[in-house]
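Please read the points below with the structure open beside you. They take up, in turn, accessibility, a helix, a sheet and some salt bridges.

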Amino acid sequence: MKKFRKVLDGLTTSSPGGGTVGSPSCGSAAGTPTAAAANTPKEVDVQETLVSENFQLCKTVRHGFPYQPTALAFDPVQKILAIGSRSGGVRILGRPGVDCFCQHESGAAVLQLQFLINEGALVTACADDTLHLWNLRQRRPAILHSLKFNRERITFCHLPFQSKWLYVGTERGNTHIVNIESFVLSGYVIMWNKAIELSTKTHPGPVVHLSDSPKDEGKLLVGFESGTIVQWDLRAKKTDFRIYYDEAIHSASWHHEGKQFMCSHSDGSLTVWNLRNTSKPVQVTFPHGKIQKDGKKESCKPILKVDYKTSRNSEPFVIFSGGLSYDKAGRRPTLTIMHGKAITVLEMDFPIVEFITLCDTPYNNEVQDPFAVVVLLEKDLIVVDLTQSNFPVFENPYPMDVHESPVTCTAYFADCPPDIIPVLYSIGAKHKKTGYSQKEWPVSGGMWTLGSHTYPEIIITGHADGSIKFWDASAITLQMLYKLKTSKVFEKPKQSEGRASELVDEDPFAVQTVSWCPQSRIFCVVGISAHIILYRFSKYDANTQIVALEVRLQCESEDVISPSENENNPCFSEPRSGSHSPQPHQQHPASPGGGTPEGVKDSALCLKVKDRVVRVPPGYQAELVIQLPWLDGEPPQQISSLDINSAYGLLALGNCNGLAVVDYLQKSLLLCMSTLDLYGAADPYQRLTRSPRRNRQSTSGLTELSDNQQSVDMERSKSPTSVKGPGRKLSLPTDLKTDLDHVNGHCTSPTSQPCSAGKPRIPTGPEGPRLARRGPGRPPFRKAQSAACMEISLPVSHTEGYASRRAMLQQLHGVAMYSHDEHHTTCWSERESRENSFSRSRSSSVSSIDRDTKEAITTLQFGESYGRKGDALPTPCLWVGTSLGVILLVPVSIPTDQDERMEEPVTIGPCGTVLMLKGSVLRFGFLDCVGALIQSPYEVWRDPNAPEDPDRPRKRKLVHHSPSSSQDACGEGHLAVVCSERQAKVFLMPSQSCLFVHNITESSFVLRADVVSVCNSVCLACFCANGHVMTLSLPSLRPLMDVSYLPMTDMRIARTFCFTNGGQALYLSSPTEIQRITYSQEMYDNLQEMLGELFTPIETPEAQNRGFLKGFFGGTAHTFDREELFGEAAAGKGSRSLAQHIPGQAGVEGMKVAASGAVGELARARVALDERGQRLGELEERTALMMTSAESFSKHAHELMLKCKDKKWYQL
């Protein structure tokens, strides 16, 4: 430790050149951390405990509704549910906690799912005509076998209960049979031309239905799309009957006695067929088709599926989807339940994909007694209770409503205070919906126990409708705790009020980012309408009036104001705030047009805060709303960065125009200035004046705290619009020039912000300045970019060009970009598709820095630090990161006494400290001098609405995290970790020496970075646009892990990816699903314990005894040996050219492990023997074909001989 202190002392007393960030020593090769100071001794050795073996990247669990579902299956004995999706995913659900996700490597859509009932296996049929057998007897299912069909396309599969033979129907109308155990084809094939009559001239179409008769398993019902139905006798290899119907068939369902069945058709009809007379249907009904005045039936939509289920104590159930009449436009999708004479139509919110009727018995020849219906919709999963006459739905225990409104942002908090989850749950439980079925959730299979490696975790999702959801994510589960609606803070937007109608967007309340302090329970929401809402948590309801504070953080508008106008006498006006805003001393700059009454009148707010006392329920209660208004017809730029500190009582926000700091305790604005003005005399760039006619006012008062409080307040309150100084161009270092992009001359993203040079000229006339700034019909903001709806891919190399990269970052950070010739009033899908196209961004981007540019504030963080090199003790500071890689320190002077804190003003102003990195700054982190993470100070939560206790006066209790106990004196300073898009650096404060630097990537750029705690230590975690996940040691920035996790990253993942402590992260893997991952070896090792068991040993229920009389008169189910019919001995081998067997990964890995063991030689010999047997099998197959050909030739020759035997020579 003494040696390390000496090293730090040497760094502290080093020459100023050693800490200069522009020195060549700061530029190391990519992937190589270096000590940046030239005189850094080699003995620098911080005790780092993390090594590469501590990291392992893998997926843990997936939450939410399966995106674009296609198939559904249920195991009635194990009571587990499987859902297939269009992207090849399979979700298997059981009791809460039992949730497993499987993915087909091919990514082909799942067409059908078939459980091997009570066997712990699942068969999936995919759109690439491949069958897969999944083993569910392990916590992470794996594929055992695959069978690829080459010449025919799979259309339907059927697996009888307790059978190992799978029937597979194809597009050609043939039915093949697959052995589930070996996953090879049987030689038994039902050819379409043998199933239909020889006189039939047309092809019957694909197979759309297969089912065995409940009366006799040896009878197979085959339904063809054209309307042909055949019952095939498997033993006799012939048809028992054929039915030809005029309408196409979609599904069929047996009566449990096997004497009749029901079919659904494309004309919306249901037909019932009796096996005694198959010449015509016994009954034809149009459930939703009414007879019109002319006597004709209404034309109806197809009935896509029907279930015919009998009940022991009541009439049979007929359940079907579809069948509504065409003339009723706007009708929602329906599920119809016919029970006796009663017909109940259940309207669904989304189209029905599939439904399954749940019954008490797995046997199809017993009374079914249905008790529920599982309905899979396009965006929801519901279960209807059939045991009650009003058919209520069950309360879904799974988090299937993550996408109730499209997700726009996410936040992940691990190791939260243990009391926060019960408190949020108790508040949220009061607002739960009622009217659900009182019975238990019927999907109750599997087994899950709370693991030993669990801690409180909370996930927060922000949505397009302005709602916020808090989720309990502990122990790899997900349960909604509490829902907050930010739209309740505002008045409802009115469409009819002229100017106000222009300010209404389709999603004006959409959430961009959130900031949450779990200890103080302070919560901030950043909205797309350039607003911030600050919430406090209370267990009591209250009557409150929300304070509104207007911050005019707007850029200059040189097209409106002439160079000589208001040059030396800027006008100021009072800020708009609520009635409780105690800021009579605050002065606020007016708009660029503030010199005239018209300019003031032309300012407007996107949303109107409720200006009356409102009753707020327990939970999060809005206290303050900060809004950026329109000024002189120009919309405010969206907020790109936010930080809040409960101990200081301060909130900082930034966008592409500048920085503002708000005292939310006094409800006052402390600082409002452009990024350019933050530098003062410490500007690292050479900037050229834009107009020589403008004389820049002196801003020296902003570079240091003045003794004159009035001048400090005046300078502190200045906004970018109050200083009418000349605009300036940047002369940038070479490595930063390409980091700027310009789209139509407007600000694009926090990482590349062009200025206002591209604005069109204002036409003359009284309405010119107001109307010309916005194209006709263009809303003030683009539609909220749902992170769920983004499907584009990001560039992974320089070949894609910086324009594409910047266009991506524009969408990533959600900063508005407007083109005056473009309308933004399209629907969600059209808007998303246009934004997801990089071609528009490429064409409109200009790489020249000759145009006006300005920096964006990309990240902010409060903390105890050293604002200047000479400081002896740490003080409250605000760290500011910009899009040009510049770090600014802004010291804050806060009254220490609690009474003074509420009355005396907080003093804040830039001090001139400037540090630099390559690329846009993304994240700050602070370590003490032994490498331990320094947490930001916070205020302990106290209920603002709790009853007053005279014995215990309410005081603010602040917690300041002191340095580690091994660090004796805080005067030694601390380490500041800064990460940008390209680079990471570690600075020693207060000397500001750069200890370590690491170039993270050259071919890509970092999207997300965070300083996180892993394995009782800390590291820097990064996620790059090329899909790489990296971790770097701290403070040495030594690479510990670099995994190419995603080959290509799309915008949805880029906007929602976030790290947290404990080696975990999450992102939105689809518009409806949250994927959690871990990069910790410890969690990877414990993952098996945390996951649920899908398969539990359950005894298969016995079949009911049918009784002598019923069996004698009703006919018993004949004994049927499928092995005798379909086995290789009787049917021969299936064609190898028709289907190819592919061993699963589990089998291949098992063979590799066995071959490397003590019996490796024997295992290899067995493999060779299998290969030899395979070749012999192929030879045998060719020999059999030759024998068949010879027999055919002999048969034809014999027939010819018999034909000519009794004929004379002249008769030949």
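1. A residue is called buried under 20% relative accessible area, exposed over 50%, and partly exposed in between, with a 1.4 Å probe and protein chains only. This is a predicted model, in which local features need pLDDT of at least 70 and side-chain atom pairs count only at pLDDT 80 or more, while totals for chains, interfaces and linings use all residues. Residues are numbered from 1 along each chain as its sequence is written, and side-chain values use heavy atoms, with hydrogens and water left out.

2. Helices (H or I, at least four residues) and strands (E, at least two) are DSSP runs, numbered from the N terminus. In helix α3, residues 420-429, the buried residues include Ile 420, Val 423, Leu 424 and Ile 427.

3. Strands β43, β44, β45 and β46 form, in that order, an open sheet with antiparallel pairing, where two strands pair if DSSP finds at least two bridges between them. Because β43 (641-645) and β46 (668-674) stand at the edges, each with a single partner strand, one side of each is left without a neighbour in the sheet.

4. Asp 129 forms a salt bridge (a side-chain nitrogen of Lys or Arg within 4 Å of a carboxyl oxygen of Asp or Glu) with Arg 153, and their closest N and O atoms are 3.0 Å apart. Asp 129 is buried, at 9% relative accessible area, whereas Arg 153, at 43% relative accessibility, is partly exposed.
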